[in-house]
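Reader: I am new to this structure and would like to learn how to read it. Please take one feature at a time.

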Amino acid sequence: MRENLLPAIPGPQVADETLVLRVLDLALRIGEVQLATGAGAAVAHDTMLAIAGAYGLPTCDVDIAFSTITMCCHRGVEAGPVTTMRNVRYRTQDYTRLATIDALIKDIVDQDVPLTSSEAFERLATAVDAAHPYPRYAAGLARSAFASAVAMLIGGGAGVALATFLLTGIVWGGARWLGRRNVPMFFQQVFGAMVVTTAAIGLAYSGVLLDAPYYIVAAGIIVLLTGLSLVGLVQDAITGFPLTAAGRVVEVVLATAGLLVGVVVSINLAGLVGGPSATSYALTIPRDLTPQADLGSLIAAAAAGLFFALSAYAPLRSLPVAAIGGAVAWGIYATGVQHGMGQVVASALAAAVIGLVAMVLPQRLNLPPLVLVVAGIMPLLPGLTLYSGFAQLAGSGGGTNGAVSPIGNASVTILLALTISLGLAAGVSFGEQIGWPLAKAQRRHATANVRSRRPRIF
C-alpha cells in the first residue's frame, strides 16, 4: 500500500518556546505601560507587533479589550501557537516614565541589532519601579496652579484664581484619599464637583468673592476632566478598536455623570439653605463667552500648559514645549471663534494643528508627543459650557431672574460641550494621521519590514 507522503521542504526554524514567552512578556509589559498612561489601543497594538518583529517573531496577533491584552505567536504547522495575556491594573499620568519607555522602544525597534531581552527587561523594570521625578506635593501644587491659570483664561480675576487654587488642592487631596480606599471614580467626581460648586456659591453669596462662581466651577470641571482619555477614545474608534472605545465611552460618560450629579445637587442645596438669592448666583451665566487671543490670555494658556505638564510628571525639558503648545492651541481656537468658525470647528482645528506638530517636533527633541498634545488641548476643554448646561438643568424646575432654561436647552448645551470634547480628540487624531508620514520620514532606520510599523504615540 502506497503512502502519500509530503516531500520534506526545508522551512524557517521553529522559534523556541522559551524565547517566544520571553519576547511576548516583554511586549505585553511595554503595551501595558502605554495603555496605563492613556495611549490608544492602536499605539500598544503596533508597538507590541514591532517589538516582536524586532526579535524575530513576525507572525504574531494582538487583541486589546480595554483593560486586557492578549498576544499570540504562531509557529507554523510544526509547533503549536504560544498565547499569553496581561491585565492593565492601574492608570497613571507619569510622562517621565512614558518618555523612558519610548526611548526603550526606539532602542528595540529602530536599531539594526536590538537590545538583548535581558537588557530590555532590566531597563523596563527600572522605568516602572522608578520614583516620580519630583515630589508628589510639587505635582499637586502644579495641578492647583493649572486650575488657577484656566480660571484666569476663561475670564476670572485674581480672587477667582486664588480661590480656585485652594479648592483644587482640597479636591485633589480628597480624590486621592478616596482613591486609596477604592472608591469608584463616579463618586470621586461627585465629591469633587460638590466641593467646588458649594464653596464657590458660598463665597459669592457671602460677598467674599465679587465675581460670579461660574469661573471657579468651570475651572474645577476642567481639572476633573483632565484624567479622561478622550484622545484615546476617539483614536480607538477610528483605528478599528470598537470594543476598547466602548469601554472608554462608559468611563467618560460615568465620570461626566458624576460631575453632573455633584453640580446639580450642590445648586439645589444652595437654594434650600440660602434661598433664591443663593441659587441666582449659580444660575447666572455670562452670555458673551467669546475667547480672547490677547497677550494676557496667551500667557495664561501657556501657564496652563506648563503647569499641567508639571502635574503629570513630565520631563523638565518638556515644560517649555508644553507652554508653547498651550499658547498656540489657545491662539488658534480664540482666533477661529472670533472669525465665526464656532467652538466645535475652532477646537478641532487647534487640536489638529497640535496633533500634527506633536508628531514631528517632539521626535526631534526626544520627548513623548503626548506631553505636547495633552498640554495643548487641556485648556480648551469646555468646562464653562458644561457648567452652563448643568446650571440650566438644575434650574429647569423654577425661575430666577429669567435665567432658567428648560431641560431641552440644558441637554443641548451639555451635548455641545461633549461635542467640543470629541472634536478636540478627533482633531488630534486627524493631525496625527497627517503628521505620521512626516515623522516616519525622519526616522533614521525606516525600512519596509515590520519594524517600519512604528506606532503612533498617542
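**Reading the model**

Author: Start with the record: UniProt, in an unreviewed entry, places the feature "transmembrane region" at residues 145–173, 185–206, 212–231, 252–275, 295–314, 344–362, 369–390 and 410–430. UniProt positions are given in the numbering used here, feature names are shortened, and annotations may be inferred rather than shown by experiment. This is a predicted model, in which local features need pLDDT of at least 70, side-chain atom pairs count only at pLDDT 80 or more, and totals for chains, interfaces and linings use all residues. Residues are numbered from 1 along each chain as its sequence is written, and side-chain values use heavy atoms, with hydrogens and water left out.

Reader: What is the helix content of residues 252–275 and of residues 369–390?

Author: Helices (H or I, at least four residues) and strands (E, at least two) are DSSP runs, numbered from the N terminus. Residues 252–275 are 96% helix and 0% strand, with end C-alpha atoms 33 Å apart. For residues 369–390 the span is 77% helix and 0% strand, and the end C-alpha atoms lie 33 Å apart.

Reader: In what order do the three strands of the open sheet lie?

Author: Two strands pair if DSSP finds at least two bridges between them. Here the order is β1-β2-β3, with antiparallel pairing. The edge strands, each pairing on one side only, are β1 (60–65) and β3 (82–87). Strand β2 (residues 68–73) is joined to β3 by six bridges, and C72 stands opposite T83 in β3.

Reader: Which helix packs on the sheet?

Author: Contact means heavy atoms within 4.5 Å. Axes are lines fitted to C-alpha atoms, for helices over the stretch in contact, and angles run from 0 to 180 degrees between N-to-C directions. Helix α2 (residues 41–54) packs on the sheet and touches β1 and β2; its direction makes about 155 degrees with that of β1.

Reader: How many aromatic pairs does a search of the whole structure find?

Author: Rings of Phe, Tyr and Trp (its six-membered ring) pair if their centres lie within 6.5 Å; planes under 30 degrees apart count as stacked, over 60 as edge-to-face and the rest as tilted. The search finds five aromatic pairs. One of them is the tilted pair of F146 and F308, at 5.5 Å centre to centre and 55 degrees between the planes. F146 lies in helix α5 (residues 136–153) and F308 in helix α12 (residues 295–311), so the pair ties together parts that are 162 residues apart in sequence.

Reader: Are F146 and F308 buried or exposed?

Author: Buried means under 20% relative accessible area, exposed over 50%, partly exposed in between (1.4 Å probe, protein chains only). Both F146 and F308 are buried.

Reader: Which residues touch the most other members of the largest nonpolar core?

Author: A nonpolar core is a set of buried Ala, Val, Leu, Ile, Met, Phe, Trp, Tyr and Cys residues joined through side-chain atoms within 4.5 Å. In the largest core, of 81 residues, they are Y95, F146, I216, I221, V263, I267 and Y387. Helix α8 (residues 214–225) gives the largest share of this core, 11 residues.

Reader: Where is L424 found, and is L424 buried or exposed?

Author: L424 is found in helix α17 (residues 407–442). L424 is buried, with a relative accessible area of 1%. Leaving aside neighbours within four places in sequence, L424 is in contact with S347, A351, I377, L380 and L381.
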